[in-house]
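I opened this notebook to record what I looked up in the structure, entry by entry. The structure is placed first so that each entry can be checked against it.

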Amino acid sequence: MPSFALGAAPRSGGRRRRIAVSLVLAGALGAAAACAPSTGPTGTGAATDSASGAKPQIDSDFDLEALVAEAKKEGSVTVYDSTGDITETAAAFTAKYGIKATGVKSKVGDTLEKMTRENQAGNVTIDATFYEDGPSLVGQLLAQKVVYTWIPGSLVKDIPPSRQSPLQVLSKGNMWIYNPKLFPKGCPVKNIWDLADPAWKGKVAMQDPLGKPNIVEFFNQLKAGGEAGLRQAYKTKYRKELASGDSAAEAWVKGLAKNGPILTSSDDDATAAVASPNQTKDRVALVSNAKFRDVKEKSYSMRVCAEMQPWSGYQYPKYAAVATKTKHPAAAKLFVYFMLTQQGVDTQLGNGGLPGNPALKQGTFLPDGLTDWNKQLFVFDPSKLKSDFDNLQPMQDLWRLNHG
Amino acid sequence: MPTITLSAVRKSYGSGPPAVDNLDLEIPDGSFTCLLGPSGCGKTTTLRMISGLEPLNAGTITVGDRIMDSTVDGVFVPPEKRGMGLVFQNYALWPHLTVAKNVEFGLRVRKVKPAERAERAAVALKMMQIEWAADRYPAQLSGGQQQRVSLARMLAVNPNVLLLDEPLSNLDAQLRLDMRAELKRIHDETGHTIVFVTHDQLEAMTMATHVVVMNKGHVQQMAPPMEVYARPANTFVARFVGSPPMNLFEVGDDAFTETARDQVLAARPDLTDRLTTIGARPENLRLLDEGDQPPAGTYVFEATIKTALPTGSSWTVLVTAGDTELYFVSYTDVHAAPGATVRCAVRTSDLHLFDASGDRLPDEAADAALTEENTATWAS
Amino acid sequence: MAAATRSPDTAPPEADGPAGTRLSRLRYRLSVLRHEPTHLLGILLVIALLYLVLAPLVAVLSDSAQVQHGDEGQARQDPGSFTSYYFWRVFRSPVARILFWEPLLHTVVVALGVTVVAVVLGGSMAWLLTRTNVMGRKWLSTALVVPYMLPSWTFALAWLALFKNDSSGGQIGILESWGVHTPNWLAYGQVPIILCLGLHYYPFVLLLFGNALRRIDSQLEDSARILGAGRRTVAGRITLPLMLPSLSSSVLLVFGRILGTFGTPYILGLPVDYSLLSTSLFRAVNSHQRGVTAVLTAVIVVVGVLVILVDTRLAREQKRFITVGGKGAMDRVSDLGRWRRPALGAALAVFTAGVILPVATLALSTVSKTPGVFRADNFTLKYWVGSDLPGAPGFPHGVLRGSQLYEAAWNSLRIVGLAALICGVVGLLVGYVVVRAGSSRTGSLLRQISFLPYMVPGIAFAAAFLSLFAVRRGPVPALYGSVSLLVLVLAVTHLPYASRSGISAMTQLGREPEEAAQISGAGWFTRLRKIIIPIQRGALTTGVILPFISGLKELSIVIMLTTTGTQLLTTLSINLVDYAYDQMANAVVLVIALVSFLATYLTQRLTKTNLSSGLGG
């Protein structure tokens, strides 16, 4: 490939050679395409379904005062997060400890790319991250030891082991919503299989799964942990068992994709498709709980499909990780610790959500219709994150090939 | 004072034949030397090499006793340090500077004081009779005026050598005539060594003290203009200098050329084995009237008139003698109609003789002056 | 005397004896190089650009043949080992049709369509502005370039605001709300993508075409008229062929941009699943598929380079008969007579579609609580000037309050402005070297390589820059983490505009003016400072403004290379979207357009130059 770029450059008398180079390149592409594996790759791969890579580092001699003192010596800390709330968190952190903290909002993909490359180069500017994409956290950042999980010893007993690897700081939800003005009697969709049923063709709005890895992860988590729930719901709807052997999740994803959902590039559009004031169509949408903030402002009418079987949506956790080569290890740890305290996590629960530390109170705001985060929403299994990572592409392809 | 010497100079671009090859040339101090030749002959390259704008592939250029380029000594003096002046074909005035600023530029970079600068610029502009345009921008001037500014710009720095690259080719006929006189005047007044590139032989003949005829990167002849005209060193020069060009024919194919050869060899038996080509200038050919008796040593032949083209002061007549077409210049009206047979004459001593490789054969008597005189006689 | 100074002891018996020894000739050549820095400068520029352009490109492209971390399952090979898996996936696998072949077809269709729209709009407007006495000529010549200053997706936004039907999410468009049903083919996909991008990119054609039209020797046309050719024949047989170089040049520029533009195609194509190579690439980048990203980037670069080659070839063929008029070029204006008003109407229609509609849509959205609802209680100025907006923790007030907007604007001006200045100067130097070095290898290499960044989608190799500059490499310190890196990378990626303008301006100027100064005794720096730069003021201005305009809209590179969240206008806008304040995000976009426009306008006024004057043909 580089030879082509170089070959393209010299001009005088080099045109023939250049064309030759392009031809060779074209040939190489053809050859590469031809000698590829003849069978389609099959998912799972060799990796075991454990959060392999780095084990969490539990700080058993945790001493808050010493950590604060050390962090003060380090002077500053920079934390990347995928929500803008991080600026608030950083401000609160600075106010509390007097240590300059910079919170940067950055998309997960950008954070991943930057942290990996900073680590490779040994020039680290991101000290810690609050990270929403579990699969790439486990599959890439932790596996390549770009970051590690740090847990303060004093809180180990509060946090259930399942939330320790990687360390979960909070959870938010993506949920199915409907327009109560159009359906005063409640959500028109009672069962998740309705969404895959021809009756709802073209009536489901959601973000483009190919542009939003989070949704694909949901599909994969369903496949790993939602099998029973899905089969039960299938039976409820169709009064028969789903053919055994097939994956219920795959069947559902196929059906949903074939139903040609309205794909949007942002949550806002998906929300508006259901809830905007002059909208009259029968629709449901999958949106983040943060969108409920718009209800009053934009005169939207929306409500969570609370009755939907087996779940009304899913929780997606946010994890904390400290950069392996950070120049401010103490300050980074202190920031993680701060996020595990009520004061810290509250800066990010303004639109509702669950703290990762169960000892803390959940966000006071509740989306209309949602009463119990843990019962109504499907909860991800952190031990499956590595396989989610491996299966991202196969699941995307399943979607791609069935999307009509 | 500077004599410009080029020795064994070679310059090639890319992989083609060299633009200038093994060039030896000495341009005398104080001369007005014209580099003359068809386009692509290497004359502009030579000029640019002298100026330093074009580095050599090999060879040496010296000005006076100062080595400017030498691939032997590894010396190169950059153009800005050579103290020369160059006028470009398209004048190359700087559009963002006024005429005065254009002229002052060279003085400014030489750190001449403002007062002196202004004065010298004014003198140069005055010399070129363009002082009224000092505050204008080049775009506001006509081509001829720009040319004057460009000359003034060069003269202001008082260069030791003036180089001119086809400076008159973009001017109309009248302006060109004026500028020729102007350049000649500058040469007379300043005594500068001037090297002038042109493809126009008339320019070369009228202004130069020395003409260097070049072709395909080689010097064909270097001599004073009248000598180049009267004794062209080879068939290329013979054909290139003079208008209409010299009639050249190879001897021995038919009766006409055979007789011509015999006539010549009768006087010059020493050339028997070498003579291949004979040349006759159109102005040396004469139409004989009925009963005219040509003097001794004249070759008389019969020819058929094809056309006669009036040029105002004369007629250019095309005739055929045997298989050979000949032009001659007549200063009287040619009454004969096309197709008529006429008698022509040329003095054998006016014929130019060349060998198989096209080089001029040695004259019996080196009589350049005589030839010149004879030409005058015949022309009257 | 040459013979006298020859040192016979070292001279090996060579055929060209008087030329001196190899050593002495080398010394001569070195001495020439020392006094004529063009070649040295050229080589330095080539090296710098090779490093800055090719190194990240190679880094990205090499990913295409290596198993990426996490793909070992699919590729059945260890990470880092050589693989053809990604090529297989993109070209031959079951998803290849969706991933590559369909997008390729769509890209070709869209690129051709956009080119046609841009050429028709730009060409006709250029003709109106340069060759006719259309009303308001002067004003129009500034106004009609504005569409290029708006981020391209604002056209998509405006389109949706007008035509969006209820088959996709979000608010329906105005037409639909008036009860006019807009079919899918009109609302989404191919047609709107072509029209929106065409409206965005026609100013390229306008500038290039206008320039060429202005420079054409009208004697050439006159002589054809005298030979009995009618107006139409003259236009078809004389004018049009003469315009071909600028036509192919503008087609190249438009085509190149379309290959890498993903915003508009993504927004407009998504509802009907219409994807281009660029959206395919965007998805691959977003889902961290480095291998597939690399293959798609390679395809885009290859297509881009092929387009360059075709263009170079065309240009060379046309150069044989093109005479750029010098003296005969006149500002010949034909009288439109009673068509003056209708012509103005046509120009205003283009202006409306290209400027007023997108700007108005955007402006309207910044004052509406719910977009597209026309009720008095839906309008508010609070997103601009409100002092207390609930719910947005990072930005609890209107954009004009607080210091964020001003800081971001200042950062943008400072960083992009500096990068644009560097672009302008380097672009002019590139032009200088290309012209001075003539047909030498350095010159042509430089010409090609300085244009290459244009063909590489920034989103694909932004991350590679980080790797490249995060550590000290030779004399280059670890720049990552400092603003200077951002400036450097912005300068490199936007250099094509400047180098193009520099090359064309220097080609037109020729080398004589500088040589005249050289003969007059001026050294290199003096020549550059006193002659070249002042004469090329117009080209330099263009070489600064065009990178500035496009740099101001840059996002992916900024995101990747800023560290402590140095906020630029673009990142501010994106962050506001995240706070769900589309209104404020759009307000910032308006500010970007305003800054672009003011900067262009003021620079032109102050330097008395014209944006088009340096773009060349």
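**Conventions.** I am working with a predicted model, in which local features need pLDDT of at least 70 and side-chain atom pairs count only at pLDDT 80 or more, while totals for chains, interfaces and linings use all residues. Residues are numbered from 1 along each chain as its sequence is written, and chains are lettered from A and ligands numbered from 1 in the order in which they are written.

**Confidence.** I noted ipTM 0.82 and pTM 0.80 for the model. For pLDDT (the predictor's confidence in each residue, from 0 to 100), chain B averages 86, with 95% of the residues at 70 or above, and chain C averages 79, with 85% of the residues scoring at least 70. In chain C, residues 1-16 stay under 50, and residues 320-331 are also below 50. In chain B, the stretch under 50 that I looked up is residues 365-380.

**Helix pair in chain A.** I took helices as DSSP runs (H or I, at least four residues) and strands likewise (E, at least two), numbered from the N terminus. The axes of α7(A), residues 213-225, and α15(A), residues 385-402, come within 9 Å and cross at roughly 105 degrees, the axes being lines fitted to C-alpha atoms over the stretch in contact and the angles running from 0 to 180 degrees between N-to-C directions. The two helices are therefore roughly perpendicular (65 to 115 degrees; under 35 is roughly parallel, over 145 roughly antiparallel, the rest oblique).

**Helix α4 of chain B.** I found α4(B) mostly covered, with 12 of its 14 residues buried (20 or more other C-beta atoms within 10 Å; exposed is 12 or fewer, partly exposed in between; C-beta atoms placed from the backbone). The buried residues include Arg148(B), Leu151(B) and Arg153(B), and the buried set packs against β7, α2, α3, β8 and α5 of chain B. After α4(B) comes Asn158(B), whose phi is positive, near 50 degrees.

**Chains B and C.** I recorded 34 residues from chain B and 30 residues from chain C in their contact. On the side of chain B, β4(B) gives the largest share, 4 residues.

Technical notes. Contact = placed C-beta atoms within 7 Å.
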